[in-house]
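Have a look at the picture first, then go through the points in order.

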Amino acid sequence: MKISSKSEYGIRALFDMAQHYEESPRRSREIGEAQHIPEDYLNQLLINLRKAGLINSLRGPQGGHILAQSPGQITLYHIVRVLEGDITPVAHDAKPVALDELLHEVWSEIESETTRLLQATSLQDLCNRFNERKIAQNQAMYYI
């Protein structure tokens, strides 16, 4: 399965909001700069994410974007489904024969495993992994 820039940028934007979940709403400019997402493209994604109920957008001087649910409740599966649609690695033939039947089984297994992994990974999981790596990178290494 190839993740498009649409899904990758969408995940990055939501990850940014998850990192700042307990703070004030994030402006699209802040998200774009922090996650290296072109602001015009980001604004299009944010509209889709808002329509899907993953984020709330607030107007005004203190406005911005916030997650509609806690980071632990939003999975990568939700995000990819909103931005990409069905998660199918390969189009399946209507009339499989011989080797095609075996390949169809393999493609189905890949699809199931991909779906399982995306459903098992929340934005909170990404934040935790990110913070663990940040801590590990900041630990001093001593050599003798």
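Which residue does Glu113 meet in a salt bridge? The answer is in point 3.

1. **Ground rules.** This is a predicted model, where local features need pLDDT of at least 70, side-chain atom pairs count only at pLDDT 80 or more, and totals for chains, interfaces and linings use all residues. Residues are numbered from 1 along each chain as its sequence is written, and side-chain values use heavy atoms, with hydrogens and water left out.

2. **The overall layout.** Reading from the N terminus, the order is α-α-α-β-β-α-α-α. Of the 144 residues, 28% are buried. Here buried means under 20% relative accessible area, exposed means over 50%, and partly exposed is in between, using a 1.4 Å probe and protein chains only. Among contacts (heavy atoms within 4.5 Å) with a separation of 6 or more, 65% are between residues 24 or more positions apart. The chain exposes about 9,700 Å², and carbon and sulfur atoms supply 50% of that. Accessible areas come from the Shrake-Rupley method with a 1.4 Å probe, and for residues only the protein chains shown count as cover.

3. **Back to Glu113.** Its partner is Arg116: the two side chains meet in a salt bridge, 2.6 Å from N to O. A salt bridge here is a side-chain nitrogen of Lys or Arg within 4 Å of a carboxyl oxygen of Asp or Glu. Why are they about one helical turn apart? Because they sit three residues apart in helix 5. An α-helix has 3.6 residues a turn, so residues three or four places apart point the same way. Glu113 is partly exposed, with a relative accessible area of 44%, and Arg116 is partly exposed at 44% as well.

4. **A pair in helix 1.** The structure holds three salt bridges, and another one joins Glu8 to Arg12, with the closest N and O atoms 3.2 Å apart. These two are four residues apart in helix 1, which means about one helical turn between them. Glu8 is partly exposed at 37%, and Arg12 is partly exposed at 29%.

5. Asp16 forms a salt bridge with Arg26, and their closest N and O atoms are 2.8 Å apart. Asp16 lies in helix 1 and Arg26 in the loop between helix 1 and helix 2, so the pair ties together parts that are 10 residues apart in sequence. Side chains of opposite charge can pair when their charged atoms come close. Are Asp16 and Arg26 buried or exposed? Both are buried, with Arg26 at 13% relative accessibility.

6. **Around Arg26.** The loop holding Arg26 runs between helix 1 (5-19) and helix 2 (28-35). Leaving aside neighbours within four places in sequence, Arg26 is in contact with Asp16, His20, Ile31, Ala34, Gly64 and His65.

7. **Helix 4 and its cover.** Which residues of helix 4 (residues 76-84) are buried? They are Leu76, Tyr77, Ile79, Val80 and Leu83. Seen down the helix axis, these buried residues fall within an arc of 165 degrees, so they line one face of helix 4; the arc is taken from the directions from the helix axis to the C-beta atoms. Their cover includes helix 1, helix 3 (39-51), helix 5 and helix 6 (123-138). Gly85 follows helix 4 and has a positive phi, near 95 degrees.

8. **Tyr41.** This residue is in helix 3 and counts as partly exposed at 25% relative accessibility. Not counting residues up to four places away in sequence, Tyr41 touches Ser5, Lys6 and Tyr9. Tyr41 and Gly10 are 31 residues apart in sequence, with their C-alpha atoms 9.9 Å apart in space.

9. **A nonpolar spot on the surface.** Leu99, Leu102 and Leu103 form a nonpolar surface patch, with about 270 Å² of accessible area together. Patches are made of residues with over 30% relative accessible area and no salt bridge, joining like charges within 9 Å and nonpolar side chains (Val, Leu, Ile, Met, Phe, Trp, Tyr) within 5 Å. Leu99 lies in helix 5 (residues 99-120) and, at 53% relative accessibility, counts as exposed.
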